[in-house]
Amino acid sequence: MQPPTCRGIRIRSVEDAEKVLHAVSLGLLPMVMSRLDDEERLALTSGCVYVWEERSSNPLEATGQ
């Protein structure tokens with residue numbers, strides 16, 4: 001099971017989310033390596049935040065076209 005990026009917090013605004021994403025980009029918080037599987041989704045609890053990078057297999061989506 002992948003541990004959450006952080007625990008015991010609440011994202012209440014875009015600014016809160018940006019702070020978490022910035023901390024991940026600086027390497028202060030860990031990034032989850034893949035989407036959560038069924039077992040991990042069932043284990044979700046309040047206050048846990050997971051950050052991962054979503055990449056498309058479609059080259060047109062990856063370039064933003």
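A residue is called buried when its relative accessible area is under 20%, exposed when over 50%, and partly exposed in between (1.4 Å probe, protein chains only).

**View 1. Burial and surface of the predicted protein.** Of the protein's 65 residues, 23% are buried. Its accessible surface, by the Shrake-Rupley method with a 1.4 Å probe, is about 5,300 Å², and carbon and sulfur atoms hold 54% of that surface. This is a predicted model, in which local features need pLDDT of at least 70, side-chain atom pairs count only at pLDDT 80 or more, and totals for chains, interfaces and linings use all residues. Residues are numbered from 1 along each chain as its sequence is written, and side-chain values use heavy atoms, with hydrogens and water left out.

View 2. The protein has 3 helices and 0 strands, in the order α-α-α from the N terminus. Helices (H or I, at least four residues) and strands (E, at least two) are DSSP runs, numbered from the N terminus. The predictor's confidence in each residue, pLDDT, runs from 0 to 100; its mean over the protein is 88, and 85% of the residues reach 70 or more. Confidence is highest in helix α1 (residues 14-25), at a mean of 96, and lowest in helix α3 (residues 59-62), at 60. Where pLDDT is low, the predicted coordinates should not be read in detail.

View 3. Ser46 lies in the loop between α2 (38-42) and α3. Is Ser46 buried or exposed? Ser46 is exposed, because its relative accessible area is 64%. Ile9 is 37 residues away from Ser46 in sequence, and their C-alpha atoms are 8.4 Å apart in space.
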